[in-house]
Amino acid sequence: MDFYQMEQILAVARTGSISEAARQMCVSQPTMSHAVARAEKEFQTKLFDRGSYPLELTYAGKQYVEAAREMRRIYRNLQKVCMDAARGYAGDLYIGIPHNRSAQILPRIIREYRRMFPNIKLHYSSTNAEDMKEQLYRGELDLCILSKVDQDPRFRYEDLFVEELVAAAADGLVRPDQLCGKNASALKIEALSQLPLILPSERSGLGRMLQLLLEYYHIDPDVRMRVGGNNALYTLAGAGVGVAVLPMDIVEQSARPEGLKTYALSVGGIGWMVCAMLGRDAVVSEPERALLELIRREFGGKETEVEVFPGFYEGEK
């Protein structure tokens, strides 16, 4: 069994389609069909049930895929160890990072990173957080940069920096009695039950965080709409549709609509931890370690009194 054939079988298993797997791997459909046939001949058993669509793995196919993913993880770890030993630092680095997060982080570190590692080619996956986790688990990504809303036992986490979350609302939408006393820049948490809310997709990290926050404070929300993307939330808040809770960095890097105000969540502020998510047993190469240290230096260097929302990790050990 060669590694390229293994990747072809994994692509068919992932997509449930020989034609789609061929498209993604930039080969012809007959070439992909031949790869499946060769693997089945080699192992003298069927790997896919041809009578189903999408294609489903047979029992033997499931064993093949599980072993292939483990072999991929072992091979990637070996590559990293050898690359560090040779100090050549040439190769590919596969990163999962949401669109909004990449727009926030990459422009501030990419030039320095390319200076340090000119022969490392970066590849990005920017699907939703849950899909990126599955890509990481399958060995298709080396690491993910996500907000640590919950912790999955399949991975290990390295904290990078705390990011404050703020409420954005059009001027006049928030009443004085909904603010924290004389602090006109801080919103009472319980006021979120009295205000119309614009919420993000439930599959996004921000969407899951807000769900936890609302449950933690026993808030029954008045949800006016759900939208995808932090910029859309910010724009709709500026238009007076409702209140949006957003990372502070999104507010700082976006053009502020006229009349839009932002408020800390409670007097001390509430934030979440942005972290690197890694395979449980993954080797962290020197180029990966340098990338994480650049992020920490750029975003975690400033002192902050904002506390990470305690409801994220309740019940976790």
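Cys 26 lies in the loop between H2 and helix H3 (29-43), in a model that is predicted. Helices (H or I, at least four residues) and strands (E, at least two) are DSSP runs, numbered from the N terminus. The phi angle of Cys 26 is near 60°, a positive value in a residue other than glycine. Cys 26 counts as exposed because its relative accessible area is 70%; the cut-offs are under 20% for buried, over 50% for exposed and in between for partly exposed, with a 1.4 Å probe and protein chains only.

In this predicted model, local features need pLDDT of at least 70 and side-chain atom pairs count only at pLDDT 80 or more, while totals for chains, interfaces and linings use all residues. Residues are numbered from 1 along each chain as its sequence is written, and side-chain values use heavy atoms, with hydrogens and water left out.

**The chain as a whole**

- The chain contains 10 helices and 14 strands.
- Its C-alpha atoms fill a box of roughly 75 × 50 × 40 Å, taken along the principal axes.
- Of the 317 residues in the chain, 47% are buried.
- The accessible surface of the chain is about 16,100 Å², and 51% of it belongs to carbon and sulfur atoms; accessible areas come from the Shrake-Rupley method with a 1.4 Å probe, and for residues only the protein chains shown count as cover.
- Among contacts (heavy atoms within 4.5 Å) between residues at least 6 apart in sequence, 74% join residues at least 24 apart.

**Backbone details**

- His 218 also deserves attention: its phi is positive, about 55°, although it is not a glycine.
- His 218 lies in the loop between H7 and E10, and it is exposed because its relative accessible area is 74%.
- A cis peptide bond, with omega of about 0°, joins Tyr 53 and Pro 54.
- Pro 54 is placed in the loop between strand E1 (48-49) and strand E2 (56-57).

**Ile 18 and its surroundings**

- Ile 18 is found in helix H2 (residues 18-24), and it counts as buried because its relative accessible area is 16%.
- Leaving aside residues up to four places away in sequence, Ile 18 touches Val 12, Gln 29, Met 32, Ser 33 and Leu 55.
- The C-alpha atoms of Ile 18 and Gln 29 are separated by 6.6 Å, and the two residues are 11 residues apart along the chain.

**Nonpolar cores**

- A nonpolar core is a set of buried Ala, Val, Leu, Ile, Met, Phe, Trp, Tyr and Cys residues joined through side-chain atoms within 4.5 Å.
- The largest core has 37 residues, and those with the most contacts inside it are Leu 187, Leu 206, Met 209 and Leu 246.
- At least two residues of this core come from each of several elements, including strand E6 (155-170), helix H7 (205-216), helix H8 (230-238) and strand E13 (270-279).
- Apart from this core lies another, of 24 residues, among them Tyr 89, Ile 97, Leu 143 and Leu 278.
- Leu 206 touches Leu 165, Pro 200, Asn 230, Leu 233, Val 245, Leu 246, Pro 247 and Trp 272, not counting residues up to four places away in sequence.

**A nonpolar surface patch**

- Phe 3, Met 71, Tyr 75 and Leu 78 form a nonpolar patch on the surface, with about 350 Å² of accessible area together.
- Patches are made of residues with over 30% relative accessible area and no salt bridge, where like charges are joined within 9 Å and nonpolar side chains (Val, Leu, Ile, Met, Phe, Trp, Tyr) within 5 Å.
- Helix H4 (residues 59-86) supplies the largest share of the patch, 3 residues.
- Met 71 is found in helix H4, and it counts as partly exposed because its relative accessibility is 33%.

**Salt bridges**

- The whole structure holds 23 salt bridges, each a side-chain nitrogen of Lys or Arg within 4 Å of a carboxyl oxygen of Asp or Glu.
- Glu 40 forms a salt bridge with Lys 46, the closest N and O atoms being 3.8 Å apart; Glu 40 is buried at 7% relative accessibility, whereas Lys 46 is exposed at 51%.
- Glu 140 and Arg 138 form a salt bridge in which the closest N and O atoms are 2.7 Å apart; Glu 140 is buried at 19% relative accessible area, and Arg 138 is buried at 16%.
- The side chains of Arg 226 and Glu 202 meet in a salt bridge of 3.5 Å, N to O.
- This pair links distant parts of the chain, 24 residues apart: Arg 226 is in strand E10 (residues 222-227) and Glu 202 in the loop between E9 and H7.
- Salt bridges that share partners join Glu 158, Arg 289, Glu 293 and Arg 296 into one network.
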